[in-house]
Amino acid sequence: MKPAEPHRSGLLRRFYGTFVRPYLALQAEIAFCLLVGVVLSLIDPLILRAIIDRALGDGDRAALLALTGLLVLVFLFRAAFRLLSTYLYSYSGLRILFDVRQKAFEHAQRLSPYFFRRERLGDLLSRLTSDVDALQQAAAHTAVNAASDALTLAGIAILLCWLDPLLAGLMALAFVPLIVAMKRVNRGLRVEGSRAREAYGGMFAFIEERLAGVRLVQEHNRQKAEARGHVRAARPVIESNMRLSMTGSAQTALADLVNTVCLVIIFAVGGLRALSGSLSVGSLVAYYTLASRLYKPLTGLIEVNVQIQVARASLARLFDLFDSAPQVRDDPRAKAPARIRGEVTLSRVGLAWDQGTRVLDGVDLEISAGQVVALVGRTGSGKSTLAAMLSRYLDATQGDIHLDGVSVRAWPLPTLRAAVGLVPQETQLFHDTLAANLRLARRRATDAELLDALEAAGLAQFVRDLPRGLDTTVGEQGLRLSGGERQRLALARVLLKDPWLFVLDEATSALDPQTERLVLDRFRARVRGRSVLIIGHRLTSLTDVDRIFVLDSGRIVESGLHADLYRARGLYRSLYDDQLRHDVEAEA
């Protein structure tokens, strides 16, 4: 994805319209609590003024007790509303956080697996975690604090103008430099906030890659070098956050200076007016009390301003993810054929990447219902790409693919992927039990059905011998299992899925030739009557299939039975002889 643009307009409006609008009733409750809390926080200086000018000035003990009791009630109610508003905005923020992360996760799951090959996984994780957390802070605490501080400032300003307009006007002049400074630094804050979020993404990506490849790091004794690399990846995070912190601190220092100037004005001008009798002592005390309370909401707004600019950067990064359209989309008018048999036809199918690189070019291929065919070719010839297109993880840029006479684009995606069972080269397992990984294919499968599928994949006895059997945890990406065990587990899983078309993309490459032959024979016996496409690099295990297609540089260059292709002395024979020599050398 391209770098985020925090300057573009409409980000906050889009965020509040999408994620905050569903909770408008809750926001209204929060606003009411904030308003009451702000009003209560502004009453006590007025009560204090009355105590000094009336109760103490007139020596009225009853008024003193009444006003003191009222002051206690104000404090109690203010504390209660503060607790209530804290609960409400914390709950609101967590709900919004959940909605943002849920929507981002759901959208990410709709993207093609090839999207994740172009992007750094760590950066995507950063968008789904730290960027969402920054938004939650902005949506709940930051927004609420900003509203509270703004209301407090407005209330104080109104009371100051009411108590003494002249003093209020002089104080307003002192705030002009602060307002000008904040306006000028906002764009810089957005840029720096964007740099900080991008830096977090880079650091997350570095950590994720190195932890995933820790064996490679240890194999080449790169621990110290990668530790230095982590320092380089983390340095931009520290530098950007330091710049953000210093910018905020500079504005806070300016606010402190402005507040001090205001207090000097109050004591100088207000003191003279009190001495002349044009301003009561109680009013001066109330004025000072209110003015001294300007500093907290003012510095709060400055901090909020920094957080909002950073949140805009996070918002831009998240909406860039939301705006990444899935390469493959389900047609709402799609309808599967009434009868599924597993018959496949590729007609002049071609595929080119965005950069213009052509992967497949005019591929014609047919698989009859119940037929077992093989697709072979050199590494990089486009075999795996073709396999991915059968389940529409990719769409052809030319030609079309038909399953049972209907274009795969006209199939509903869930139905298509239920009808096609793809076992890719890289076996993917979750950090869960063997049973849970198998039940991804059939949620309600019994233990007996799981073991039956494992039996067909040649793994049942291995599982029975484990201390915890099917409840054994396979580890991250199944690393507690060997490569061959992971592949056979994937075969068992696709057998549980029971599709009409099986696509095995190098699904037995980690097995030795003898075990591979045994597993494939069991597999084919189990799925007899279903269509099977086997993509393999070990041609000696594919000699008895119904038809072999030879792919080279994105084109089908040969097809036929093993004996016919071998006699033709073309690419197939060259690949077969090379494989045979390799097997002989390996045995020697």
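**View 1. The second largest pocket of the predicted model.** This pocket has a volume of about 670 Å³. A pocket is an open set of points on a 1 Å grid over the protein atoms alone, with protein on both sides within 12 Å along at least five of seven lines. Its volume is the space filled by probe spheres set on the points, which are joined across faces, edges and corners. Lining residues have an atom within 4 Å of a point. Here 27 residues line the pocket, and Arg82, Ser148, Asp149, Thr152 and Lys296 are the closest to its centre. Helices are DSSP runs of H or I with at least four residues, strands are runs of E with at least two, and both are numbered from the N terminus. The elements that give two or more residues to this lining are α2 (24–58), α3 (61–110), α6 (130–163) and α11 (295–322). By class, the lining divides into 10 nonpolar, 11 polar and 6 charged residues. Ala, Val, Leu, Ile, Met, Phe, Trp, Tyr, Cys and Pro count as nonpolar, Asp, Glu, Lys and Arg as charged, and the others, Gly among them, as polar.

This is a predicted model, in which local features need pLDDT of at least 70, side-chain atom pairs count only at pLDDT 80 or more, and totals for chains, interfaces and linings use all residues. Residues are numbered from 1 along each chain as its sequence is written, and side-chain values use heavy atoms, with hydrogens and water left out.

**View 2. The largest cavity.** A cavity is a set of grid points where a 1.4 Å probe fits but cannot get out. The count comes to 2 cavities of 30 Å³ or more. About 70 Å³ of space lies in the largest. Its lining has 13 residues, and Thr508, Glu516, Ile534, Ile535 and Gly536 lie nearest the centre. Two or more lining residues come from each of α18 (513–526) and β8 (531–535).

**View 3. The second largest cavity.** The volume is about 40 Å³. Among the lining residues are Met389, Asp395, Ile401 and Arg409. Strand β4 (residues 398–403) gives the largest share, 3 residues. The lining holds 5 nonpolar, 1 polar and 3 charged residues.

**View 4. Strand β9 and its partners.** Two strands pair if DSSP finds at least two bridges between them. β9 (residues 547–552) pairs with β3 (residues 372–377) in the parallel sense, over 5 bridges. Arginine 547 in β9 is the bridge partner of valine 373. With β10 (residues 555–560), β9 pairs in the antiparallel sense, also over 5 bridges. Leucine 551 stands opposite isoleucine 556 in β10. The hairpin of β9 and β10 has 2 residues between the strands, and serine 553 takes a positive phi near 55°.
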